[in-house]
Amino acid sequence: MDKTVGRHFVGFNEPRSEDETMYRISTFPKSWYLVGRSEDFTTDKPTSIELHKKKFVVYRKSDGSLAAVSSRCTHMGSNLAHGCIKNDHLVCPFHAWQYNSDGQCVHIPAAPEEKNINRRLESYAIAEQQGLVFVFNDVIDNIEDFAADSSYQVPDHVLSFGYVMKRGI
């Protein structure tokens, strides 16, 4: 993207459109990023994380696994980090819409009979290794296929760096 606004290149300033937002997010390498320690994420409350100007929510399900989804409700844009976790679903604090760990809206209290809800949050691959939590900073369409692809596992050098950060060395 070559165009400039004033004396600054678009993409280095705050985005002015959704296209520019996507450009800005994609300028960071697709990789695993350390977002916290395992004990930082509980089943009690979702945790807000910002990575490269992208906000998302990480929460722990009752089986101990973690989920990472975009932080804004698809209904009215409420910050889901201010919500709660109910039956392994992320609950919006505004109108109590519920999302599963894949980001799919599974319950709308104002329309409890609705079964085919066409609302979905972006979901992210998340890994927990050696007491550290890593998020892959790109949207994944099929988490199972992604997890099965060994080229997308958290690399050893990232784990080593994370371990150093955890120990404060």
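## Strand pairing

In this predicted model, strand S7 is paired with strand S8, which spans residues 89-91. The two run in the antiparallel sense, and their pairing comprises 3 bridges. Lysine 86 stands opposite histidine 89, a residue of S8.

This pair belongs to an open sheet of 4 strands, arranged in the order S7-S8-S9-S10 with antiparallel pairing. Strand S7 (84-86) and S10 stand at the edges with a single partner strand each, so one side of each has no neighbour in the sheet.

Leaving aside residues up to four places away in sequence, cysteine 105 touches Trp97, Gln98, Tyr99, Ile117 and Arg119. Asparagine 116 lies 11 residues from cysteine 105 along the chain, and the C-alpha atoms of these two residues are separated by 9.2 Å.

## Salt bridges around arginine 37

Side chains of opposite charge can pair when their charged atoms come close. The whole structure contains 4 salt bridges according to the search. Arg37, Glu39 and Asp40 are linked in a network of such bridges.

Glutamate 39 is exposed, with a relative accessible area of 51%. Arginine 37 is partly exposed at 37% relative accessibility, and aspartate 40 is likewise partly exposed, at 33%.

## The link between lysine 54 and glutamate 122

A further salt bridge joins lysine 54 to glutamate 122, with 2.9 Å between the closest N and O atoms. Lysine 54 lies in strand S5 (residues 54-60), whereas glutamate 122 is in the loop between S10 and strand S11 (123-129), so the pair ties together parts that are 68 residues apart in sequence. Glutamate 122 has a relative accessible area of 30% and is therefore partly exposed.

Note on methods:
Residues numbered from 1 in each chain as written. Predicted model: local features only at pLDDT ≥ 70, side-chain atom pairs only at ≥ 80, totals over all residues. Heavy atoms only, no water. Contact = heavy atoms within 4.5 Å. Salt bridge = Lys/Arg side-chain N within 4 Å of Asp/Glu carboxyl O. Buried < 20%, exposed > 50% of the residue type's maximum accessible area, 1.4 Å probe, protein only. Pairing = 2+ DSSP bridges.
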